[in-house]
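Notebook open, structure loaded. I want to look up a few things and jot them down as I go.

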Amino acid sequence: METRRGRRTKVSTVDTYDVVVLGGGPTGENLADRVRAAGLSVVVVEHELVGGECSYWACMPSKALLRPAAALADARRVAGSREAVTGPLDADAVLKRRDAFAAQWTDDGQVAWLDSAGIALVRGHGRLEGVRRVVVQAPDGSENVLVARHAVAVCTGTRAALPPLPGIEQAGVWTSREATSAGEVPGRLAVVGGGVVAVEMATAWAALGSRVTLLVRDDTLLDRMEPFAGELVTEALEAAGVEVRFGVSVGGVTREPGGEAVLDLGDGEKVTADQVLFATGRKPATAELGLETVGLTPGSWIWVDDTGLVVDVPGEWLYAAGDVNRRALLTHQGKYQGRIFGQAIADRAAGRDLDIEDWGRSSATADRLAVPQVVFADPEAASVGLTLADAQKQGFRVRAVDYEIGDVAGAELYADGYKGRARAVVDLDREVLLGVTFVGPGVAELLHSATVAVVGEVPISRLWHAVPAYPTVSEVWLRLLETYRG
Ligand SMILES: Cc1cc2nc3c(=O)[nH]c(=O)nc-3n(C[C@H](O)[C@H](O)[C@H](O)COP(=O)(O)OP(=O)(O)OC[C@H]3O[C@@H](n4cnc5c(N)ncnc54)[C@H](O)[C@@H]3O)c2cc1C
Ligand SMILES: NC(=O)c1ccc[n+]([C@@H]2O[C@H](COP(=O)([O-])OP(=O)(O)OC[C@H]3O[C@@H](n4cnc5c(N)ncnc54)[C@H](O)[C@@H]3O)[C@@H](O)[C@H]2O)c1
């Protein structure tokens with residue numbers, strides 16, 4: 001057999017499973033779990049750590065860095081506990097706790113879970129070799145073939161996308177991987193980008209003691225959320241000592257060996273820092289996946305229908321789930337697709353009719369209509385469904401209802417001078433909610449109430465009977481409804 005490097009390698013084994021899953025991140029794990037639960041045999045191919053980006057270099061370590069900052073900020077927001085806080089975060093202790101949440105970058109626990117669920121694991125780099133056939137190159141260079149009776153599911157995720165700037169390859173810049181796993185707090189950190197990674201990592205490292213400069217190409221942060229999310233987060237970052245600069249374009253980066261990094265902003269202007277994080281988005285991990293053997297383009301996103309089937313490949317055998325299909329780059333959405341597409345695979349394998357109506361058993365609908373997301377900045381920004389601008393663009397007749405969360409009794413108790421805002425986007429024709437956004441301390445845990453309202457298309461007339469407990473921050477629901485009804 002011809003390998004990627006052109007050498008001839010002996011194929012030692014050919015194994016057949018009902019389903020072959022490429023990539024053992026949260027998406028691959030959940031999809032494998034669903035098809036196994038449906039009685040199919042399944043193997044996961046993983047070339048790094050089972051658990052994927054989320055467990056080791058994304059969600060878990062980043063939230064472990066952020067949580068102590070939020071706990072400290074919450075204590076400081078309340079007279080009485082504020083006086084008890086006598087110093088800054090203990091950075092070493094925070095990093096140690098983060099290391100534990102990243103399981104010290106070992107995957108024994110997740111491998112044990114695969115085992116307990118009856119899911120086979122093959123370690124190595126997998127790539128497609130035509131229809132229902134996957135070649136796995138093991139770490140020792142040997143190659144094995146996996147044949148799928150029913151389906152191959154590509155769940156290979158994404159990698160950080162760096163802009164093609166002069167000097168960037170040589171300057172030893174951080175991507176999200178280094179930003180979430182670094183063992184030391186940089187004195188000065190420059191962060192390029194205005195999305196979620198940039199905001200969260202600026203928040204975390206500033207709280208840990210770095211002097212952070214945030215270099216944003218556009219004129220706002222978090223531009224996929226309601227505008228007030230970016231505004232309130234910008235205000236708070238600046239209050240925390242972060243220098244936020246909008247409308248700046250980084251033209252290049254240099255670093256002398258062992259020295260500081262210098263970012264070129266044009267017109268002779270430079271920013272110097274000890275580390276530079278490029279938080280400039282993601283690219284699909286599909287470059288070395290054998291996509292060309294099934295008629296797709298290596299390195300491209302893989303487009304799928306609502307059942308997860310790759311649209312450009314005939315035969316109903318190739319699926320793609322999670323980040324790699326670009327529907328919603330979030331762990332919970334990847335897991336959701338794993339559940340839904342796993343059901344679709346099982347239904348097709350059993351010759352059952354698929355339930356592909358919106359919100360049907362084998363139709364990923366929330367990806368399009370109700371994606372929840374929390375940005376764990378301080379304040380937290382949490383949203384689900386459509387923003388006002390998106391709803392208008394999609395032609396809905398809508399009204400946005402806003403309320404200052406700080407005016408709710410529960411919020412006054414939660415923090416002295418609580419600052420935050422909520423918005424509900426109401427579909428005026430059906431009187432249901434299309435989207436909800438909360439920005440403020442502690443709002444992350446409010447979000448699922450909004451997700452249930454949006455997914456359930458609960459009429460305003462019925463929400464009126466959903467009584468929030470007094471005195472909780474959730475009373476903002478009542479205030480939004482009262483504001484809407486007038
Ligand atoms: C800094 C950061 C913070 C984040 N925080 C959050 C958060 O708080 N909440 C949230 O919901 N989302 C968060 N995300 C997004 C989240 O990490 C992704 O949406 C999620 O990891 C996608 O899961 P996945 O399984 O699709 O892909 P991945 O997690 O990328 O997993 C893909 C797996 O496939 C393996 N693989 C790839 N190619 C091959 C191959 N050819 N052969 C074998 N194995 C292969 C990889 O090694 C990896 O294990 C964050 C992202 C970043 C960068
Ligand atoms: N808490 C969470 O849910 C969470 C946390 C982190 C990441 N994520 C997910 O991970 C994904 C990746 O996040 P991200 O922040 O890397 O991507 P993003 O797409 O959200 O943001 C990228 C940012 O980089 C900017 N940018 C792109 N190219 C640039 C360039 N050449 N120069 C300057 N700026 C440039 C963009 O304008 C944007 O502000 C997101 O889809 C996000 O949903 C989620």
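Predicted model: local features only at pLDDT ≥ 70, side-chain atom pairs only at ≥ 80, totals over all residues.

I started with L263 and looked for its bridge partner in β13, which turns out to be V271.

Next I checked how β12 and β13 are joined. Strand β12, residues 261–264, runs antiparallel to β13, and I find four bridges between them.

Then I zoomed out to the sheet. It is an open one of three strands, ordered β11-β12-β13, with antiparallel pairing. At the edges I have β11 (252–255) and β13 (270–273), each of which pairs on one side only.

New page, nonpolar cores. The largest one has 148 residues, and V21, A153, V191 and Y319 are those with the most contacts inside it. Which helix gives this core its largest share? I get α8, residues 196–207, with 10 residues.

I picked A153 and listed what it touches, leaving out residues up to four places away in sequence: V19, V21, L22, L31, Y319, A321 and F341. Two of these names, V21 and Y319, were already in my note on the core's most-contacted residues.

Last stop, ligand 2. I count 22 residues around it, and P163, G193, G194, G195 and V197 come nearest. Helix α8 turns up again, giving the most to this shell with four residues. Both α8 and β17 (372–375) supply at least two residues each. By class, I wrote down 12 nonpolar, six polar and four charged residues for the shell.

Key. Residues numbered from 1 in each chain as written. Chains lettered and ligands numbered in written order. Pairing = 2+ DSSP bridges. Core = buried A, V, L, I, M, F, W, Y, C linked by C-beta atoms within 7 Å. Buried ≥ 20, exposed ≤ 12 C-beta atoms within 10 Å, placed from the backbone. Contact = placed C-beta atoms within 7 Å. Near = placed C-beta within 6 Å. Nonpolar A, V, L, I, M, F, W, Y, C, P; charged D, E, K, R; others polar.
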